[in-house]
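Thanks for asking me to look this one over. Could you open the model beside this note and follow along?

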Amino acid sequence: MKDLRDISLFLLDMDGTIYLGDRVFDCTMPFLNLLKEQGKRYMFLTNNSTRNRYAYRERLTKMGIPVDEDGVFTSGEATTIYLNRQKPGARIFLLGTPSLEEEFREAGFILTEENIDYVVLGFDICLTYERLCKLCDFVRAGVPFIATHPDFNCPTDGGFIPDVGSMLALVEASTGRRPDYIVGKPNRGIIDALCEKYKLRHEDIAMVGDRIYTDIAVGVNAGVTSILVWSGESTPEDLAKSDVKPDYIFDDLSGITEQIR
């Protein structure tokens, strides 16, 4: 198990780790300030593909959380990196928000419904039944099928709303096919894409989060140090039932602060 003082990059989940709802935890800024003082980096890692990194950076900045220009990495961006590795400039049928569409176009892809190379399912809160039917037709026809992430639900102020995983269940029920590849947490593809973009080594990274089945699992699957905090969703009872075990456990970010000080 790697000493946390030797970690150079901390990947941070957001809701439940650095804030809850609109409330930034008291332990967040001392932790981020210490990383900066020690010359360490932090980045925010999210499965939510409705927004691009610029939108997340704006939201975090409004909450008083300092974010570098490249301080946010999403499953949407990770998916573009993965697909550029497979076929640069591919023709893609994409279900996603205008923000995700913009990200794919900036990455050099052609978004179309004709002669497509890949079908990509993102978190599409603008989804129409017509486009969902088209996606199922393409999947049924055997077009390579990619999903940005597998989350079943997305938390909101009013409760949970169906996320990509719920749509994947619908597509499987209709077509009999699961995606050929899912990029986001808990799959290692999101961290592999991050390392590819920024020329990072897995052994220099720690993943910090409050969800065992996504945040901690992606750390384990990608071979990076995993740190579980109890400030969000998971409980000790959840951990006792899980086969996924973190390298470190703290009540919140203050425990990491004390460890690396």
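Here are my points, in the order I would look at them.

1. A word on the basis. This is a predicted model, in which local features need pLDDT of at least 70 and side-chain atom pairs count only at pLDDT 80 or more, while totals for chains, interfaces and linings use all residues. Residues are numbered from 1 along each chain as its sequence is written, and side-chain values use heavy atoms, with hydrogens and water left out.

2. Six strands form an open sheet in the order 5-4-1-13-14-15, with parallel pairing. At its edges are strand 5 (72-74) and strand 15 (248-250), each of which pairs on one side only. Neighbouring strands here are turned by 25° against each other on average, direction ignored. Strands (E, at least two residues) and helices (H or I, at least four) are DSSP runs, numbered from the N terminus, and two strands pair if DSSP finds at least two bridges between them.

3. Strand 4 (residues 41-46) and strand 5 pair in the parallel sense over three bridges. The bridge partner of Thr46 in strand 5 is Thr74.

4. A helix on the sheet. Helix 8 (residues 212-222) lies across strand 13 (205-209) and strand 14 (225-229), and runs at about 160° to strand 14. Axes are lines fitted to C-alpha atoms, for helices over the stretch in contact, and angles run from 0 to 180 degrees between N-to-C directions.

5. Two packed helices. Helix 3 (residues 75-86) packs against helix 7 (residues 189-198) at an angle of about 75°, their axes 9 Å apart. The two are therefore roughly perpendicular to each other, a label for angles of 65 to 115 degrees. Helix 3 makes the contact (heavy atoms within 4.5 Å) through Ser75, Glu77, Ala78, Ile81 and Arg85, and helix 7 through Ile190, Ala193, Glu196 and Lys197. By class, that contact has four nonpolar, one polar and four charged residues. Ala, Val, Leu, Ile, Met, Phe, Trp, Tyr, Cys and Pro count as nonpolar, Asp, Glu, Lys and Arg as charged, and the others, Gly among them, as polar.

6. How enclosed is helix 7 by the rest of the structure? Seven of its 10 residues are buried, so helix 7 is largely enclosed; buried means under 20% relative accessible area, and exposed over 50%, with a 1.4 Å probe and protein chains only. The buried ones are Gly189, Ile190, Ile191, Ala193, Leu194, Cys195 and Tyr198.

7. The cores. A nonpolar core is a set of buried Ala, Val, Leu, Ile, Met, Phe, Trp, Tyr and Cys residues joined through side-chain atoms within 4.5 Å. In the largest, of 30 residues, Leu11, Phe73, Leu83, Ile92, Phe104 and Ile191 touch the most other members. Helix 7 gives the most to this core, with six residues. Leaving out residues up to four places away in sequence, Leu83 touches Pro88, Ile92, Phe104, Phe109, Tyr118, Val120 and Ile146. Apart from this core lies another of 29 residues, including Phe10, Leu35, Ala206 and Leu253.

8. Backbone spots to check. The peptide bond from Lys185 to Pro186 is cis, with omega near 10°, and Pro186 sits in the loop between strand 12 (181-182) and helix 7. Lys199 follows helix 7 and has a positive phi, near 55°; Lys199 counts as exposed, at 70% relative accessibility. Asn115 also has a positive phi, near 50°, and is placed in the loop between strand 7 (110-111) and strand 8 (118-121).

Technical notes:
Parallel < 35°, antiparallel > 145°, perpendicular 65-115°, else oblique.
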